[in-house]
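Visitor: Could you take me through one part of this model closely, namely the place where the two chains meet, and then through what lies behind it?

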Number of protein chains: 2
Amino acid sequence: MQPKIILGIDPGTRITGYGVIEHSPHQSVPLDFGCIRPPPDLALEERYKIIFDGVEQLIEKFKPEAIAIESQFVMKNVQSALKLGMAKGMVLLAAARRKIPIFEYAPKKAKQAVVGKGQASKEQVQRMIQTLLRLPKLPEPEDAADALALAICCAHHLRFATCTNLSKELSKTKTRSKPLWRQAASLTDSPSR
Amino acid sequence: MQPKIILGIDPGTRITGYGVIEHSPHQSVPLDFGCIRPPPDLALEERYKIIFDGVEQLIEKFKPEAIAIESQFVMKNVQSALKLGMAKGMVLLAAARRKIPIFEYAPKKAKQAVVGKGQASKEQVQRMIQTLLRLPKLPEPEDAADALALAICCAHHLRFATCTNLSKELSKTKTRSKPLWRQAASLTDSPSR
């Protein structure tokens, strides 16, 4: 069965954006979006705990059947990657504890899903999400818009995957990029990483 | 009061080494050491959950008053840093949930604490830990030895810190490397990051 409620997350130590959508074959309805902002003067471990607790609360409230997250990140350096990894780890752990499947998408893929091309500007993404989800104004902050884009991307991908023979899809996608193969593998409940 | 039981952790997605020592002014006694090895064929999120659960179980069993972890890592690339960040995030979260102070030390600092210089080989570290903790044989694997070195380093640092005026120590260390300042800040319960 195709997941109906999808939680998209754009993790970060300063700001973790989130977006929850309810998806039907004809449209996606936004249930909530926003961001988790741990106070920057707290110790790092406290900030990660706030991110973890926040994601757990979102899962508790909306009971998503799938979580979408970015698979690749543009990072300045190894220290940024370390911090981002810690924030992303909070999301993976919260999902694993509730056994919610995680789907990873490259940022380009998420942009393509809402704008049609992978090189769109942040504002362009926001405008298209406003249109697609019929929001009264631009979704803010950008991190929440990115999270909604991930959820929409996941909805498109899962709709496509459930319309085809999944085992065929899996064997095809093994030769594609890792993230897509990973998504298909998660769908069949047979992790082969 | 100086923490008596210290848990050292050397996090990694493949192998997370740990070492628990009980520290008195005259000697350190090893309580346990070893590693958490999540099966490599599991999904990443499942592997991080195993690391998180493992660290929580260690905390539950030994009730450490301090956790020591590496502050800097030598990494090949951004992808390794991301994965390491996720593993490290599990340790920070487990500590934050039990309000156990975390002390970070550069690998050089941990080596200095057991061997006397920062450029020691892995085997040299293992041999010195065997001597210091009076172990019947070399501590294996290397990751567990590294974790024991971190715990010993933390014990030395906290002994030094409790022998001096902490506020003086804090003001002095603010001009030193970030990790040392961070350790002192944690001791006074006034995080100023």
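Guide: In this predicted model, 30 residues of chain B are in contact with 30 residues of chain A. Between them, chain B and chain A bury about 2,700 Å², and 67% of that area lies on carbon and sulfur atoms. Across the interface of chain B and chain A, the rule finds 0 salt bridges, and it likewise finds 0 residue pairs in polar contact when both residues must be at pLDDT 80 or more. On the side of chain B that touches chain A, α1 (44-62) and α2 (78-97) of chain B each supply at least two residues, and α2(B) gives the largest share, 13 residues. By residue class, that side of chain B divides into 19 nonpolar, 3 polar and 8 charged residues.

Turning to the sheet of chain B, its 5 strands form an open sheet in the order β3-β2-β1-β4-β5, with mixed pairing. Because β3 (28-36) and β5 (102-105) of chain B stand at the edges, each with a single partner strand, one side of each is left without a neighbour in the sheet. From one strand to the next, the twist averages 20°. Strands β1 (residues 5-10) and β4 (residues 66-70) of chain B run parallel and are joined by 4 bridges; L7(B) has I67(B), in β4(B), as its bridge partner. The helix α1(B), which also supplies residues to the side touching chain A, packs on this sheet, where it touches β1, β2 (16-23), β3 and β4 of chain B, and its direction makes about 160° with that of β3(B).

Definitions and conventions: Residues numbered from 1 in each chain as written. Chains lettered and ligands numbered in written order. Predicted model: local features only at pLDDT ≥ 70, side-chain atom pairs only at ≥ 80, totals over all residues. Heavy atoms only, no water. Contact = heavy atoms within 4.5 Å. Buried area = accessible area lost by both parts, 1.4 Å probe. Salt bridge = Lys/Arg side-chain N within 4 Å of Asp/Glu carboxyl O. Polar contact = N/O pair within 3.5 Å; in protein donor to acceptor, adjacent residues only side chain to side chain. Nonpolar A, V, L, I, M, F, W, Y, C, P; charged D, E, K, R; others polar. Pairing = 2+ DSSP bridges. Axes fitted to C-alpha atoms, helices over the stretch in contact; angles between N-to-C directions.
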